[in-house]
Amino acid sequence: MTMTTEERPAAASLPPAGAPPAKRRKRRTPVTWYRGGGLWNLLFVLPMVFVFFFFSWRPIVQSVIMSFEKTNLIVSSWVGFDNYVAVLTDPELGRAIVNTMYFAVLALLFGFPLPLLMAVLMSEVRRGKGLYSALAYLPVVIPPVVAVLLWRFFYSADPNGVFNTVLSWFGIPPQPWIQSAVQAMPSLVLEATWAAAGGSIIIYLAALLSVPPELYDAAEVDGAGIWRKVWHVTIPQLRGILFIMLILQVIATAQVFLEPFLFTGGGPAGATKTILLYIYDKAFRNSLGGDYGEATAVSVLLAIVLAILSWLYFKLTNRWSTQ
């Protein structure tokens, strides 16, 4: 009796002739895990996991819990969201946010294009490029506290101060610098730009090496000068690294603390009090300790904002690395 088409087994269900039998997947058991070296791998990773948990995640969890408490680090009481309500309705926090944004805007206007401009000029130098690179990176090597104290001496409001003496050569009267509520923040941005520009210059110099020389040759054939080559060739080729550096600078300026703390202490009249300095004053404004709960609440809010910026940074870098 012959089989109908419907009764015949499908050809796809039959293994091909000469094919090895399919291996059955072995079931993972504690014995196989141990024989595969799982115990030694766990022992190797365990110290690093412990250190990471003890010094990273444990303080983060404790800070989040502390932000819901009224505490002096000895006696604590649960207050829920009262700390967040208190800091979000505090006018000083609003002013600290405005001051931080003002610092960030000034740092982006002056501190972001300046390293790129210096890197482009240094890339055009034919001799002594290594010397110029070392001189540009020198401010990064100087300890930040030493640099701030040195610039604080330069910013002396006395007519015989370093900067006021230089201004007198051009007939400009002495300036109050960091003693003025108007000039204090730009003065801090000037020092911060000088201190951080060296690292950005080195990064831009390395990125300029990836620009194909043929593009500059084609621009020269079209009669383009150095500024047109920068605008039409260099900047489009570096748009990825430029955006990454922009995000990193925004994150860094949101955490500015050293310059306002050492230069002015947040003054004059609160003109340079930033978010981190506000957190510091909340926690340590007197010898017995301040309001640690409200200070950690502001820290958690700042961490959330910076986490969003960091997430955006990683998403962009991951996308550009795969393209």
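## Burial and the model

A residue is called buried when its relative accessible area is under 20%, exposed when that area is over 50%, and partly exposed in between, using a 1.4 Å probe and protein chains only. By this rule serine 187, at 4% relative accessibility, counts as buried.

The structure is a predicted model, in which local features need pLDDT of at least 70 and side-chain atom pairs count only at pLDDT 80 or more, whereas totals for chains, interfaces and linings use all residues. Residues are numbered from 1 along each chain as its sequence is written, and side-chain values use heavy atoms, with hydrogens and water left out.

Serine 187 is part of helix α9; helices are DSSP runs (H or I, at least four residues), numbered from the N terminus. Leaving out residues up to four places away in sequence, serine 187 touches Tyr155, Trp177 and Ile178, where contact means heavy atoms within 4.5 Å.

Glycine 198 also lies in α9. It counts as buried because its relative accessibility is 1%. With residues up to four places away in sequence again set aside, glycine 198 touches Ala136, Tyr137 and Val140.

## The largest nonpolar core

A nonpolar core is a set of buried Ala, Val, Leu, Ile, Met, Phe, Trp, Tyr and Cys residues joined through side-chain atoms within 4.5 Å. The largest one here has 20 residues, and those touching the most other members are Leu116, Ala119, Ile201, Tyr204, Leu208, Leu238 and Leu242. Two or more residues each come from α5 (113-123), α9 (184-208), α10 (213-221), α11 (226-237) and α12 (239-253). Helix α9 gives the largest share, five residues.

Beyond its neighbours within four places in sequence, leucine 116 is in contact with Tyr204, Leu238 and Leu242. Another core, of 17 residues, lies apart from the largest one and includes Met66, Ala96, Ile279 and Val298.

## Helices α9 and α12

The axes of α9 and α12 come within 11 Å and cross at roughly 165 degrees. Axes are lines fitted to C-alpha atoms, for helices over the stretch in contact, and angles run from 0 to 180 degrees between N-to-C directions. The two helices are therefore roughly antiparallel, a term for angles over 145 degrees.

On the α9 side the contact is made by Ser200, Ile203, Tyr204 and Ala207, and on the α12 side by Ile241, Leu242 and Met245.

How values were computed
Angles under 35 degrees count as roughly parallel, over 145 as roughly antiparallel, 65 to 115 as roughly perpendicular and the rest as oblique.
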